[in-house]
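This report describes one protein chain and two of its residues. The sequence and structure come next.

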Amino acid sequence: MKQVIGYIECDFMNIKYGMLYMIVIFGIVSMAFSMKNGTGAVAYMLFCGMVLAGTAFNVTKQTVSFAALVPGSVWQKVAGRYLGGVLCIMLCAAVGIVSAGAVRLTGRANGGLEIPVLLCLLGVTFFFLALQNVLLYLLTPFLGIQAAGLVRMLPGFILFFAVMNAGNLEIITGILEREGFSARIILIALGTGIASLIISGILSGLIIRNRDNE
C-alpha cells in the first residue's frame, strides 16, 4: 500500500499547479451555477475532477511516465493512478459542495443540494472515470496532443451536459423521492461505479503488461 501511495503522490506532484489553478477557476464558476442549482454546481466540479484525473496521463511512448524511474509492479502503478483519480473526483466534489453551501448562505441559491442525487452522480462519475482511464491507457501511446486532449475531455463533457440538463435532474430527483427507490438506486449507482473502476483497473494492467511483452 505504501508503494501505491507513492505513485499517487507522484501523480499529484506532476499536476499540482494545474490542479490548484483549475480548482480555483472551476470553483468560482461553480458558484455561479449554485445560484441556479446546487446539485448542478457539484456536477460541474465533478466534470473538473474528470479533467484533472486525465491530466495525469502524458502523451509519450510510456503510458505511465514515471514507470521506468520508480520501482514497483504494474498493478501498484495502475492502482495508484486510479486511486489518484478517485481522490481528484472527491476533492472537486467537496469544492462544489462548499461553493453551493456558500451561495446558499447568501440567500441567492434557487435550488438546494440533493444528497441522494449527488451520491448517484458520484457513482456515474466513477463509471465515466473508469471508461476514460482505460481509453487513455489503451490509446495514449499512439495519440497526438490534440487527440489525447479530446479523449481526456469527452467523457467529462458527456457527464456534464447530461447532468446539467434541468429536466434530467428533475427526473432523477423524482425517481429517488419515490418510497423505497432511493436507497436501492444509490447502491446500484455507487456499486456500478466502483465495479467499473475495478474492472477498468484490471483491463488497464493487462494492457500495460501485453504492451511491455511485445
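Which residues is Gln 132 in contact with, leaving aside its neighbours within four places in sequence?

## Basis of the model

This is a predicted model, in which local features need pLDDT of at least 70, side-chain atom pairs count only at pLDDT 80 or more, and totals for chains, interfaces and linings use all residues. Residues are numbered from 1 along each chain as its sequence is written, and side-chain values use heavy atoms, with hydrogens and water left out.

## Gln 132

With neighbours within four places in sequence set aside, Gln 132 is in contact (heavy atoms within 4.5 Å) with Met 50, Ala 53, Gly 54, Val 151, Arg 152 and Pro 155. A polar atom of the Gln 132 side chain lies 3.1 Å from the backbone oxygen of Met 50.

Gln 132 belongs to helix H4, residues 115-139; helices are DSSP runs of H or I with at least four residues, strands are runs of E with at least two, and both are numbered from the N terminus. Gln 132 counts as buried because its relative accessibility is 0%; the cut-off for buried is under 20% relative accessible area, with exposed over 50% and partly exposed in between (1.4 Å probe, protein chains only).

## Ser 204

Ser 204 is part of helix H7, residues 181-213, and is buried at a relative accessible area of 0%. Not counting residues up to four places away in sequence, Ser 204 touches Val 78, Tyr 82, Asn 133, Val 134 and Tyr 137.

## The chain

The chain has seven helices and zero strands. Of its 214 residues, 43% count as buried.

Terms used:
A polar contact is a pair of N or O atoms within 3.5 Å; within protein, one must be able to donate a hydrogen and the other to accept it, and residues adjacent in sequence count only if both atoms are side-chain atoms.
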